[in-house]
Each structure stands twice: as structure tokens, then as C-alpha cells.
Amino acid sequence: ILDSNLRKQIVELQQEINFEYLRFEGIFNDDLEVCKGDSLENIHYNWKLVDNIFDFILKNKFKPFITLSFMPELLASDRDKTIFYYQANFSPPKDINAWLDLIDAFIIHLINRYGIEEVQQWYFQVWTEFPVRGFHWAGTEAEYFNFYARTAEKIKAISQSLKVGPASETFFEENFLSEKFLEYAEQNDTAIDFYNINLYHNSVPIMEEDPDLSKFYKESTLENIKFKFKEKDYSIKISQKINNLLTKYYPKAELIATRWNVSWNAKELVHDTAFMADFIIDNALKLQEELDGLGYLNLSDLISEWPINELPFFGGRGLMNTEGIKKSGYYAYIMLSELGDKIIAQGDNYIITCKGDDIQILLYNYAYLNQSYRNGDYSIIDEYNRYHVFENKDSLKFKFKFSGLKGKYKLSHYHLNRDSGSAFDQWIKMGAPSDLNNHEIKYLKNKSFPDLMIDYLDLKGEYNLEAEVKRHGIEFYLLRKQFQI
């Protein structure tokens with residue numbers, strides 16, 4: 001978040017879409033210089049860069065969703081346990097009390113700087129992901145369970161109004177830890193205000209040996225993994241499954257999918273395609289009944305976990321690429337943010353809402369990954385040909401009749417498909433240059449916007465709408481009532 005290029009993208013996204021929370025990891029990473037000193041007996045804290053981050057987040061009207069990670073080297077039990085391209089330490093603390101002192105000082109500093117009324121609206125997630133096969137947590141399950149319980153207890157001792165929740169369930173290799181963790185927490189009367197899950201439709205294949213994490217977070221490693229994908233409604237099924245567990249153990253806890261995407265792969269080529277807009281819209285609408293909060297992985301391709309690829313569109317997980325060009329998924333969120341607060345009708349591939357006298361009609365044609373690609377056949381995709389991996393699907397035809405609409409309306413009609421609103425497809429059309437200069441970046445930024453047509457209607461009581469939507473297409477209609485002089 002200290003990166004100026006990323007900050008520009010954050011500001012632009014928030015001005016256009018207005019997300020509620022910004023989730024981030026690594027607030028205790030050593031490059032933020034929080035823990036100063038030469039031993040556990042001689043520690044003092046430096047909040048200068050931390051304050052810079054929180055000031056920026058709040059200035060842009062986000063509320064922080066804080067992941068309490070990673071382990072400062074001064075506190076780490078094993079200095080060699082590092083992950084990601086930026087080498088974050090993921091070992092447990094060598095002295096839990098030193099960690100708890102850090103948490104105490106950190107949160108009290110936040111409260112003193114921003115006020116308890118503000119901070120009690122934030123989320124404090126204790127670590128990133130549950131311990132599975134050595135990823136993200138170098139200790140045992142039992143060590144993490146105790147680590148969470150002690151940390152949650154410390155946070156609640158500062159103020160009962162603060163929101164605390166555990167690391168995310170990852171569903172790694174079908175190894176769910178949720179029931180074991182929730183049972184432990186209930187038996188130990190441990191606070192859980194919210195529960196996190198990572199929702200990805202792909203999974204890491206079962207590995208016979210534990211991976212070498214010093215080499216795993218390298219771009220070449222991803223290219224050698226043949227991910228397989230789950231069924232189309234996987235996000236809904238998993239959310240329902242965890243909801244049932246929470247009902248049993250912690251019925252008042254919020255359920256939040258903090259990291260959600262079709263894939264966690266930082267080089268998944270479908271991430272750049274027009275498919276993502278339909279994936280986001282379809283799942284977001286259907287997950288309304290299952291989740292209290294839905295995040296997205298990631299805001300930008302400018303992330304430090306993996307080396308940045310030289311291609312403008314390399315399959316990064318962001319809504320914008322490294323040059324700040326908006327992908328089709330970005331516009332899906334703009335359309336979702338324009339929906340009204342009352343649902344008039346909702347069905348397969350459509351939703352109609354209203355807000356006051358205005359009506360919003362969102363139609364889409366969602367085609368999921370085909371069976372071959374779901375089974376890990378990567379021979380049918382490359383950097384320049386990415387649409388052979390989806391289901392064949394005919395265009396969808398819609399017909400609606402609206403009654404009770406009288407007066408003048410402004411109709412804004414947006415088209416998003418492979419020919420309009422997909423920066424990746426525009427990049428292919430221009431010759432797929434591997435290196436973009438400033439003029440080419442500006443061209444793609446302008447060409448990435450969905451087509452827009454404006455019409456003015458004088459309605460006498462009815463409005464009839466017919467539409468045909470191509471595969472991977474979206475048609476979005478905004479009917480705005482016009483006041484008369």
C-alpha cells in the first residue's frame with residue numbers, strides 16, 4: 001500500500017466503485033520497521049509507516065480489514081521460515097507474550113489515533129490462513145489454535161467491542177480444519193465475531209511430499225502445477241457448508257469470504273478474459289444469501305507475493321493489470337455497485353432492481369469452464385488463445401414488460417463482451433505487444449470501457465425490453481426518471 005502506483009489504482013477504484021473494506025496482510029512485516037531493538041528484552045515500536053498506511057486507507061473512505069501478520073524477525077521462532085517473493089516470516093513467536101505485547105501496543109495505538117468508535121468498526125483477523133502442509137503457518141495446528149485463543153483474549157481485553165476472527169479456512173486438498181477449530185474455540189470459550197473463508201474454484205493437487213516453500217512461491221513453480229477446478233456452484237456449496245458449522249458452534253458470527261476468485265493462481269490466464277465479469281456477477285448475486293461479506297482477490301496485479309510477469313496480461317488476479325488498465329471484472333463491480341436497494345425480480349442470468357423511481361436491469365450470459373480444463377488440461381490454452389476452455393453456450397434471449405412507468409426517462413445501456421469492455425481482447429486485437437508504451441497504455445485504458453448508448457424515453461405506462469446476450473456478455477440498463485422544469 002506504500003507503492004505509489006498501487007495507491008493510484010486504489011484511489012481510482014474507490015472513486016468509481018466504493019468498496020466498504022480494504023483487506024491487507026503483512027502489517028508487521030520487517031520492511032515496515034514496526035519492531036525495533038536487538039532482543040526481546042529491548043523492544044520498542046515504530047508506527048510511522050503504519051500510520052501512513054492507515055491514514056491513506058481512511059482518507060479514501062475504506063475501513064481497514066487488518067490481517068495480523070507476519071511475524072517480525074525479532075519475535076520469530078525460526079528466522080529461516082519465510083514465504084512469498086518478499087520473504088515474510090510465518091513461524092510462530094518464540095515467546096507468545098512478546099507477540100501479545102505487540103498486539104496490545106498496536107491496537108491501543110490505533111484507538112488513541114483514530115478513536116474507539118472508528119476502530120470498533122474494523123476487523124482484526126488473527127493470521128492469514130489455517131496451517132495446512134506448512135503453508136502460511138510453520139507451526140502445528142495445536143500451536144495455531146492456542147495462538148488464536150491467546151490473541152483473541154488480548155484483543156477483547158482491550159475492548160469487548162473490537163471484532164476478532166481467525167485465519168481463513170483454505171480447503172487445501174479437501175482438508176477442512178473448520179470443525180476441529182470451531183469445536184476447540186467453543187470448548188475454550190474463545191471469542192469469534194467473524195469467520196473467514198478463502199473461496200477458490202481451483203485446488204492444489206495432492207502432493208506426496210511437503211513442498212519446499214523456499215522455492216514454491218516462484219513463477220516457475222506455478223507453471224508446473226496442473227490445477228483442477230471445482231464445479232460451477234462451488235462457492236455457493238462451500239458457503240452453505242460453513243454456514244451450517246457456524247450455526248452449530250457460533251451462530252452469531254459473521255461469515256466472510258475474504259479472498260475470493262475463480263483461482264488463487266497468480267498466473268491463471270482466464271483471469272484476464274471477459275469470462276471474469278460474468279463469474280463475478282453470477283456468484284456475487286447468488287452469495288447474497290450465504291455471506292455477510294464478500295471480498296475479491298486482488299485489487300491489482302501489482303502484488304508482492306509473486307514476481308511480476310513482463311506481459312501486460314499474464315493472468316494476474318487483479319481487477320486492474322500492472323499498468324492500471326481495467327479488466328472486465330472491474331466493470332462487473334461497477335455494474336453491481338449501480339444496482340438498487342430493492343430487488344424486483346431475479347432469476348438465472350438476470351436481476352432487476354430499483355431505487356426510488358429508477359430501475360436497473362442486469363442481464364448476462366455466464367459460461368463456465370469446460371470439463372477438459374476443469375480436469376487440468378492446459379494444452380487448450382496459451383497466452384493468446386484463452387477462450388477454448390469455456391463451455392459452448394448459445395446466446396440468451398430476454399423479454400420483459402414493465403408497467404406503471406410514466407413520464408420521461410433517461411436510458412443508459414452498457415454492453416460488455418469480448419468486443420467491448422474487455423481490455424485483454426483489445427490487447428489481442430492490437431497485436432498483443434509484450435511491452436506497452438504510454439500511448440498504448442492510454443489507448444487500452446480508453447478501449448477497455450464497455451460500449452454505452454443513451455436514449456431518452458417518454459413512457460405512457462409501459463416499457464418493453466428485448467435483449468440478446470452473447471456468451472461472456474453483459475447487457476446493463478439504467479432507467480433514470482427525469483425531472484421536468
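**Exercise 1. How many disulfides does the structure hold?**

Solution. Start with the rule: a disulfide is a pair of cysteine sulfur atoms within 2.5 Å. The structure holds zero disulfides. Next, look at two cysteines. Cys35 has a relative accessible area of 14%, so Cys35 is buried (under 20% relative accessible area; exposed is over 50%, partly exposed in between; 1.4 Å probe, protein chains only). Cys354 is buried too, with a relative accessible area of 14%.

This is a predicted model: local features need pLDDT of at least 70, side-chain atom pairs count only at pLDDT 80 or more, and totals for chains, interfaces and linings use all residues. Residues are numbered from 1 along each chain as its sequence is written, and side-chain values use heavy atoms, leaving out hydrogens and water.

**Exercise 2. Is Asp51 buried or exposed, and which residues does Asp51 touch?**

Solution. Then read its relative accessible area: 10%, so Asp51 is buried. Leaving aside residues up to four places away in sequence, Asp51 touches His109, Arg113 and Tyr114 (contact means heavy atoms within 4.5 Å).

**Exercise 3. At what angle do helices H10 and H11 pack?**

Solution. Take H10 (residues 275-286) and H11 (residues 328-338). The angle is about 35°, and the axes are 7 Å apart (axes are lines fitted to C-alpha atoms over the stretch in contact; angles run from 0 to 180 degrees between N-to-C directions). Now list the contact residues: among them are Met276 and Ile280 of H10, and Ala332 and Leu336 of H11.

How values were computed: Helices (H or I, at least four residues) and strands (E, at least two) are DSSP runs, numbered from the N terminus.
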